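Here's a quick walk through some strand pairings and the side-chain contacts around them. Have the model open as you read.

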Amino acid sequence: MRRFLLPLLAAVFGSAGIASAATDCKGTLTGRWTTKGDVVMGPMKVKVDNLDAYNPDGSFRAVRRFVNQEGKWEEQVTSGQWTTKPGSGAGECVLEMSSKHEFGNSSSSTTVSIIDRNTFRSFGVDAKRIK
């Protein structure tokens, strides 16, 4: 189950001012973010407590913590490169991340909704800027 959840969680978060076609998504999302809550994954809810850093140089570091099926916290740390661009709708940015690790290369693309300068939403859970 762990091998199933880790890539799925990595793709989900993968991790503000209202975005539009004219919004600088990179400037908006650059920073450190925390995400805490329950993510719905099919028939399950998974408790998460994540930390993401999207750096101005295009690098990222993501710490994914989640409660597994046995009720124990697990952690996965990934790093790599990130980019972003305006999404197709108002208030959206497309966040793309790629990384290389012992299991090979991975990439994800997630559309996030910008709530305000310090909050964005992905998969129904809010990420908050760490000041």
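A polar atom of the Asn-68 side chain sits 2.9 Å from the backbone nitrogen of Glu-70. Asn-68 is in the loop between strand E3 (59-67) and strand E4 (73-86), and at 12% relative accessibility it counts as buried (under 20% relative accessible area; exposed is over 50%, partly exposed in between, with a 1.4 Å probe and protein chains only).

This is a predicted model, where local features need pLDDT of at least 70 and side-chain atom pairs count only at pLDDT 80 or more, while totals for chains, interfaces and linings use all residues. Residues are numbered from 1 along each chain as its sequence is written, and side-chain values use heavy atoms, leaving out hydrogens and water.

E3 and E4 run antiparallel, joined by nine bridges; strands here are DSSP runs of at least two residues, numbered from the N terminus.

Now for salt bridges (a side-chain nitrogen of Lys or Arg within 4 Å of a carboxyl oxygen of Asp or Glu). The count comes to six, including these:

| Pair | N to O distance |
|---|---|
| Asp-49 and Arg-65 | 3.2 Å |
| Asp-52 and Arg-64 | 2.6 Å |
| Lys-85 and Glu-96 | 3.8 Å |

Asp-52 and Arg-64 are both buried. Lys-85, by contrast, is partly exposed at 43%, and Glu-96 is partly exposed at 28%. Shared partners tie Asp-49, Arg-65 and Glu-75 into one salt-bridge network.

Technical notes: Helices (H or I, at least four residues) and strands (E, at least two) are DSSP runs, numbered from the N terminus. A polar contact is a pair of N or O atoms within 3.5 Å; within protein, one must be able to donate a hydrogen and the other to accept it, and residues adjacent in sequence count only if both atoms are side-chain atoms. Two strands pair if DSSP finds at least two bridges between them.
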